[in-house]
Amino acid sequence: MSESTQVWMMLAWIGGTAEQQAKHAATVLHGGVVPCLAYSEPEHGADLAANRFLAVPDGGHYVLSGEKWPINRGRTSTHVVVLGTTGDDTTPAKRLQSMFLVDRSQVLSGTVTGVPRVPTHGLRGCDISGVAFDDARVDASARLGAEGEGLELALRGLLITRTFCTGLSLGTGDTMLRTVAGFLSDRILYDGPASEIPYVSESLANAYLSLLVAECESLVAMRGLHLYTEQFSIWGNLTKVQVARMVDFNTKVLARTLGARYFMRAPEHVGTFQKMLRDGAVVSVFDGSEPVCLDSIALQLPALVNAHGHDRDEDWRALYDLGAELPAFEPHRVSVFGRGRDATFAGLPALIDRLAALEPSAGCDEDRLAALRARAEHLRQELDTLLARVTEIRRSPAVRNPATRPPETGKTTPPALLRVAEELSDLHAKIAALGIWLFNRDRLDAFFADGAWLEAALTRRKVREYGTGDLDPATARALVDRMNAQRTGHEFFSLRTVRLAAPGAREATTA
C-alpha cells in the first residue's frame, strides 16, 4: 500500500518548482516515503471548496491548524499533502486555499498527530484515519505552486489519479472473475462442471467481455494522458466512472452465480471474492465519488457541445495502436478545463471511415463487418443525440426558470445533465473498444481479430450491463474458452498476453 500511495508525490511535478522536484525526487528514491492525501474534512467531505483548515502566513513560514478526515494513512504517513486556507474574506473562493507537501519530520514547532483509525467494512489493510495539525509551523518551501493555487492543483492531480483508478477496478475485477470461474470449473453438478451450465457459462462470458471493454477504455485513457494531456477534465471522469461501473455490475452477477457460496468464507477460496467485493467497491467513492465525477462532466457538457464537429483532422494511430511509441507524460500540462475536447469522441468519424475500408478476412467475414459498421454508425447517432439533448435540457423551462423556492445548497446541476454524463461514459467505452480493435487486428491473436467480442459489446444497450440470453451461443463459447485458457495459463484476463507472477514470487526491485 505504501508504494501505491507514492502517486501523491506527483503533485510536486504538477505544481512544484524545479528545486522542489529535485528535493522530493531524491527523498522518494532514497525510500521510506509514505505520503497521504489530506483533502477531506469531517464537516465537508468531498466539497473541497468549503474546507476550513487554516494555513496562516507568518514571515517565511506557514502555521497549519485543523483536522483532515477520513483519509488513508493519516496516522502512519511520513509526508502529508494538505490543502489549507491562506486567503481571507476578500479572496475569491477558488483562490482561498493553497497546497502544502509537509514532511512531518521537518515541522518546526507545534504538533502533527494521527486521528484514530475508523472501523470499516472491507479495506482492512488500509489505515483509514485522519491527521490533525495544531499550530504546526512549516517552512514556506513546503507550499506547492503559488499562494491560492491549491484547489486548482488538487483538481488537476485528481484528474490523473481518477484515470489511474481504472487499474484498481481491473485488478479486483480480474481476481473476482478468476476466483468464481475456478471454483465453478471444479464444482461438479448434474454430472459435469458447474461452469458448463448454460446460464453460468453465459454469465462468466459476459463478465469476461466486460473486463475486456473496461481494459480498452483504460488503455486508451492511459495513452491519452501522454498524447492529449490537457483534455482530461472530461476524459478522466468518464473513464473512472465507466470502468468502476462495469466491474461493479460484474460483482453483482458473479455473486448471484455463486449462489449460497457467496455468503461463505473458506474453504474453496471463495472468501477472496468477498474481500475483493468489499475492497473494490471503494473505487467508485475515492478520488472523487461517482456523483462528483458525473457532476464535473455535466458542468462541462456545454463546452463539449460547442467543440463537437470542430476537431482538426488527426492520425489517431498513436492513441489506439498499442505498438505506437508515446511521448513522455508531462503532468504539469493537465488542465482543470479542457474546453470540451475529447479525442475519443473526436476520432469517431475517422474510426468509422477506417472500418468502412476494411476487407473481409477468414475470421471476420462480410456479415460481421456489416454488423460492426451498423453498430459504429449507431455510435455516431447516439453521440449526436446525446449532445443535442444537452442543449434541449439547458433550454427547458425547468432549468431556465427554476422553482421559486430558493435552493438550500450551492450545488444545482440538473439531474438530467448527470444522466447525459452517464450515457456519455458508456458511449466512450464503446468507442475506445472499436478503436483498439481497428488498430491492433494484425498485432493480437485470432480471437481478438475476428471481432465477435466487439460485436457483442457494441450490441449491448448499455455496455456496462447485460442480461440472460444476450449473447450468441457461439460468441459465449469463444469468450469462455479464451477466459479459461488465460486462467489455466496463469495470465491476466486481457486482450493481450500478460503473465501473472508465480505464487509467492517477490516483487522485482532495481538498484
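A crossing is called left-handed if the near helix is turned anticlockwise from the far one by less than a right angle, and right-handed if clockwise. The model shown is predicted, so local features need pLDDT of at least 70 and side-chain atom pairs count only at pLDDT 80 or more, while totals for chains, interfaces and linings use all residues. Residues are numbered from 1 along each chain as its sequence is written, and side-chain values use heavy atoms, with hydrogens and water left out.

**View 1. Helices α4 and α5 cross in a left-handed sense.** The axes of α4 (residues 198-227) and α5 come within 10 Å and cross at roughly 165 degrees; axes are lines fitted to C-alpha atoms, for helices over the stretch in contact, and angles run from 0 to 180 degrees between N-to-C directions. The two helices, α4 and α5, are therefore roughly antiparallel to each other (over 145 degrees; under 35 is roughly parallel, 65 to 115 roughly perpendicular and the rest oblique). Their contact (heavy atoms within 4.5 Å) involves residues that divide into 18 nonpolar, 7 polar and 2 charged, where Ala, Val, Leu, Ile, Met, Phe, Trp, Tyr, Cys and Pro count as nonpolar, Asp, Glu, Lys and Arg as charged, and the others, Gly among them, as polar.

**View 2. Helix α5 also packs with helix α6.** Here α5 (residues 232-258) meets α6 (residues 271-280) at an angle of about 155 degrees, and their axes are 11 Å apart, which means that α5 is roughly antiparallel to α6. The crossing of α5 with α6 is left-handed. On the α5 side the contact is made by Asp248, Thr251, Leu254, Ala255 and Leu258, and on the α6 side by Phe273, Leu277 and Gly280; by class these residues comprise 5 nonpolar, 2 polar and 1 charged.

**View 3. Two spans carry UniProt annotations from an unreviewed entry.** UniProt places "domain: Acyl-CoA oxidase/dehydrogenase middle" at residues 36-135, a span that is 0% helix and 49% strand, with its end C-alpha atoms 19 Å apart. Residues 369-396 are listed by UniProt as "coiled-coil region"; this span is 96% helix and 0% strand, and its end C-alpha atoms lie 40 Å apart. Such annotations may be inferred rather than shown by experiment, and feature names are shortened, with positions in the numbering used here.

**View 4. The chain as a whole contains 17 helices and 10 strands.** Helices (H or I, at least four residues) and strands (E, at least two) are DSSP runs, numbered from the N terminus. The radius of gyration of the chain is 24 Å, close to the 24 Å that the globule rule gives for 511 residues, so the chain is as compact as a globular protein of that length (taken over C-alpha atoms, the rule being 2.2 Å times the number of residues to the power 0.38).
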